Each structure stands twice: as C-alpha cells, then as structure tokens.
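Subject: Structure handover and what was found in it

Dear colleague,

I am passing on the structure we spoke about, and below it I have set out what was found. Please read the text with the model open beside you.

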Amino acid sequence: MSTPQPPMPQAAPDWQAAAGSAYPSYTSPIPVVRTHLGHALASEWTKIRSVRSTMWTLGVFVLLVVGIGLLAALVISANASESDLSGENPLSFGFFGLLIGSMCIITLGVLTTASEYGTGMIRTTMTACPSRGRVLTAKAIVFFLVAFVVTLVSASLVALADVAILGGARQPSGGEWFKATAGVSLYIALLGLLSLVLGSIIRHSAGAITIMIGVLLAPLVIALFMFSSSLEKVREALFEYSIPNQLSVFYSTSLSESGPSGWDPLWIALGVTAVAFGCAFALLEKRDV
C-alpha cells in the first residue's frame, strides 16, 4: 500500500490589513496603470492593420491610383505631339486615378467605425475604454495618418512616372509638386475622415457609404443636367463646389473659371469635417452603444 503524501504547502495570498481597519485587504500583483490616449491609439492601430478590409481597400486604392495615372500618361504620350504637350502640367493626369480611388478611402473610413456597430464589437471597445470621445479621437488619428501616408506614396509615384513619361511637357514648379502630392493627400485623407465621422453618426455601413458616394458624385451629375436658365446660378454653385472640381484645383486645372482656388478646397474640407466631428462627438455621448 502506498503511503499518503502530506499536502504541499501553498503560498498564502498577500493579504494586508488596511490602515485603521480590523479586516485584511488584498493587494493585486498586477500593476494598475491609468489609461490614456496612447493606449487607445495602440488599440485602434491593431484593429485597422489586422482586418482584411484594410488590406483590400488600400490595395485596390493603390492599384487604381497608380494604374489609371500611368495609363492616362501612356495614352496621352502615344497620341499627342510635343507641341501639344509643351504647355501641359504632367502632374495633372494623376487626377483621374485619385478621383476613382477616393471611393476606396471613403469605404475604409466608413468601415472603421460603422463595422463595429454592425458586429457588436463596439460594446467591447467602449467597455475597455469608457471614454467615448477618446475612442473616436483615436480612430480618427489612426485612420487619417494611414490614409494620408498611402495617398502620399501613391500620388508621388504617379507624379514621378508621369513626368518621366511625358518628357515633352513643361517641368512643374515646386509649389505644383507640393500641391499634387502632399496637398491632394491631405484632401483625400480629410474626405476619408469625413466618411469615418459619418459612419459613427449613421452606424450603418451601407447607408454611410451610399451617402458619401452621393456627396462625391451627385452635385456634379445634377449640375450636368440642369439645362434651365433659371437654375443657372444653382448649376454653377454645384459645379464649382463639387468634390471632383475641388480635387482638380490641386492640379491647377480647375473645371470651372470661378469657385475655389489655391488651397480653398482644403479649408472647405477641414471646416466641414470639423463640424461633422463635433456632431458625432455630441451624439456619441448621448446615445446608447
């Protein structure tokens, strides 16, 4: 017969008596750290880089911007003479790819917030970080930086390639280079940030994406079919302040003779996004998750 072994001694929990109290209290070995915005940023960065939608949408965006930009330059180079290109800005042909590719940034912006409401993951997010404003701010910062960097790299590649392909065109100035790369990247990133905020307000991916695509294309399409002379001023306003026209301003090839010019489109996008962000923040504090 085997001899029963005595029970092994176990470490006693760290019970300490609280000052002025006859009852012991437990001290956790896990350090307690006060959370801050940096933790929320790390969490949102982990989310945005680990989901498949980010890789797909950004991959398609780069493909559209670079592919269409290079295709436009190749077609023009093959069909235009040097005299036709002598006064052209070769950077302007990146407009077509960015206009279509902006739909990918819009989609990703909406999904960054609205998808969590669709899956119910937003409850876990708000439990981990009860400060709702901090969550929205972290999402906005991470998304804006990702959208800006990807757009800047893509626009710069297209700009360099178009200048090399269209050798007969004039050489762009430093200001034109800056607007066609950094300037347009800021505008596209703000457009995506507006989509993110709208996704937080609508809380429905399909609905928010539909609204943003309407904002992108509807004013220009409506203006094209306003033939009545009594609607001339409305037609001009829709045409001048449509997103495609504002986007063309960064390439110094505005679709209209009046309306926004210089850096005006960037300030307009910044103002609209700031107002929408304030509305989203107010609604986020009032509504249930």
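How many of the 289 residues of the chain, as a percentage, count as buried? The answer is 40%, where buried stands for a relative accessible area under 20%, exposed for over 50% and partly exposed for what lies in between, with a 1.4 Å probe and protein chains only.

Before going further, please keep in mind that this is a predicted model, in which local features need pLDDT of at least 70 and side-chain atom pairs count only at pLDDT 80 or more, while totals for chains, interfaces and linings use all residues. Residues are numbered from 1 along each chain as its sequence is written, and side-chain values use heavy atoms, with hydrogens and water left out.

The chain as a whole

The chain holds eleven helices and two strands, where helices (H or I, at least four residues) and strands (E, at least two) are DSSP runs numbered from the N terminus. Along the sequence the pattern reads β-β-α-α-α-α-α-α-α-α-α-α-α. Among the contacts (heavy atoms within 4.5 Å) with a separation of 6 or more, 77% join residues 24 or more positions apart. The accessible surface, by the Shrake-Rupley method with a 1.4 Å probe and, for residues, only the protein chains shown as cover, is about 15800 Å², and 68% of this surface belongs to carbon and sulfur atoms.

Helix 2 and helix 4

Two packed helices are described by the angle between their axes and the distance between the axes. Helix 2 (residues 52–79) and helix 4 (residues 95–119) pack at about 170° with axes 7 Å apart, the axes being lines fitted to C-alpha atoms over the stretch in contact and the angles running from 0 to 180 degrees between N-to-C directions. This angle makes the two helices roughly antiparallel, since angles over 145 degrees count as roughly antiparallel, under 35 as roughly parallel, 65 to 115 as roughly perpendicular and the rest as oblique. Residues making the contact include Thr54, Phe61 and Ile68 of helix 2 and Ile105, Leu108 and Leu111 of helix 4. By class, the contact has 14 nonpolar, seven polar and no charged residues, with Ala, Val, Leu, Ile, Met, Phe, Trp, Tyr, Cys and Pro counted as nonpolar, Asp, Glu, Lys and Arg as charged, and the others, Gly among them, as polar.

Thr54, which lies in helix 2, counts as buried because its relative accessibility is 3%. Leaving aside neighbours within four places in sequence, Thr54 is in contact with Ile48 and Leu108.

Gly192 and Leu108 are 84 residues apart in sequence, yet 7.5 Å apart in space from C-alpha to C-alpha. Apart from neighbours within four places in sequence, Gly192 is in contact with Ile105, Gly109 and Phe143.

Thr273, in helix 11 (residues 264–286), is also buried, because its relative accessibility is 5%. Not counting residues up to four places away in sequence, Thr273 touches Leu190, Leu193 and Leu194.

A loop residue and the cysteines

Arg203 is found in the loop between helix 7 and helix 8 (205–224), and its phi is near 65°, a positive value in a residue other than glycine. With a disulfide taken as a pair of cysteine sulfur atoms within 2.5 Å, the count is zero. Cys129 counts as buried at 13% relative accessibility, whereas Cys279 counts as partly exposed at 41%.

With kind regards
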